[in-house]
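Colleague: I'm new to this one, could you walk me through it?
Modeller: Gladly, here it is.

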Amino acid sequence: MRLLAIFGSLFLGFLTSVRLALEEVGRAIILLGQSFYWLVRPPFRFGEVIRQLDFVGVQSVALICVTGAFTGMALALQSHIALEKYGAQSLLGAGVSLGLCRELGPVLSALMVVARAGSAMTAELGSMRNTDQIDALAGMAVEPIQYLVVPRLIAATLMLPFLAMLYEFFGMVGANFVAVTQLGMESGAFMASVHDYLDIGDITHGLIKSVVFGVIIALVGCTKGYFATGGSRGVGNATTRSVVISSLLILGSNYLMTAMMFRPSS
């Protein structure tokens, strides 16, 4: 009987977790639908959109540049070690550029934005919820979703592709620097390899991924913050969950989009 009680409690705990997860998904879908509704309804909060574009995009530039450069430098070293075994060092530029544009640029830039801006979205909205500021906005006839969620959704969706391109550019600069100064390659040969193998489709596919990642970051961050409860502890827990869920969704959706965009040739 004790063993049966243990299995029963585990099963009930599993059902509770599934119910809570479905509730979170439902909240996010409803919030996204309401955001689309208020996106085309006046008044249009251009000032708030500009502020969020600055917060999500401009203030993330330094972080993106530094992490992109170091990623490219490390990728060049690792790729050279692998290519050297087959005498294919001339393909170093192609391998680095494809890796950055298809995968590392969109994914890692999104994860950096999650850590810096996505967490801040959750913390800010969660604090506003727990101090009744969101209810105060509604009391002043200001639609909270239009004022708080829509600008963040627009900013993340628009800025992630630009940040991804910036990440890829500085990654290529860092890889080129390592190839020339440490690996003995000619800069012209490095760039010729990039020109021969990198296609415009590789870049556009990466940008499409970034748009999806931007929606995920804003939607998860705003949902967890907008519905946060439990005071300061609840805001902290919501922020932690926001970062974890956003990161997992980015990695999972990246795999699904990669599987659809880059099918292996039979």
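Modeller: What follows goes through the salt bridges and then the nonpolar core. This is a predicted model, in which local features need pLDDT of at least 70 and side-chain atom pairs count only at pLDDT 80 or more, while totals for chains, interfaces and linings use all residues. Residues are numbered from 1 along each chain as its sequence is written, and side-chain values use heavy atoms, with hydrogens and water left out.

Colleague: Okay, how many salt bridges does the structure hold?
Modeller: There are eight salt bridges, where the term means a side-chain nitrogen of Lys or Arg within 4 Å of a carboxyl oxygen of Asp or Glu.

Colleague: Which residue does Arg152 form a salt bridge with?
Modeller: Arg152 pairs with Glu124, and their closest N and O atoms are 2.9 Å apart. This pair links distant parts of the chain, since Arg152 sits in helix 6 (residues 144-181) and Glu124 in helix 4 (residues 92-130), 28 residues apart; helices here are DSSP runs of H or I with at least four residues, numbered from the N terminus.

Colleague: Is Arg152 buried or exposed?
Modeller: Arg152 counts as buried because its relative accessible area is 1%, and buried means under 20%, exposed over 50% and partly exposed in between, using a 1.4 Å probe and protein chains only. Glu124, at 32% relative accessibility, is partly exposed.

Colleague: And what about Glu24, which residue is its partner?
Modeller: Glu24 forms a salt bridge with Arg27, with 3.7 Å between the closest N and O atoms. Both residues lie in helix 1 (residues 2-39), three residues apart, which is about one turn of the helix. Glu24 is partly exposed at 29% relative accessibility, and Arg27 is likewise partly exposed at 33%.

Colleague: Which residues do shared partners join into one network?
Modeller: First, one further pair: the side chains of Arg129 and Asp135 meet in a salt bridge, at 3.4 Å from N to O. As for the network, salt bridges that share partners join Glu48, Arg51, Glu124 and Arg152.

Colleague: Changing topic, which residues touch the most other members of the largest nonpolar core?
Modeller: That core has 48 residues, and those touching the most other members are Val56, Val96, Val113, Phe190, Phe213, Ile217 and Ile250. Helix 6 gives the most to this core, with 15 residues. A nonpolar core is a set of buried Ala, Val, Leu, Ile, Met, Phe, Trp, Tyr and Cys residues joined through side-chain atoms within 4.5 Å.

Colleague: What is Ile250 in contact with?
Modeller: Leaving aside neighbours within four places in sequence, Ile250 is in contact (heavy atoms within 4.5 Å) with Val107, Ala110, Leu111, Val114, Phe213, Ile216 and Ile217.

How values were computed:
Helices (H or I, at least four residues) and strands (E, at least two) are DSSP runs, numbered from the N terminus.
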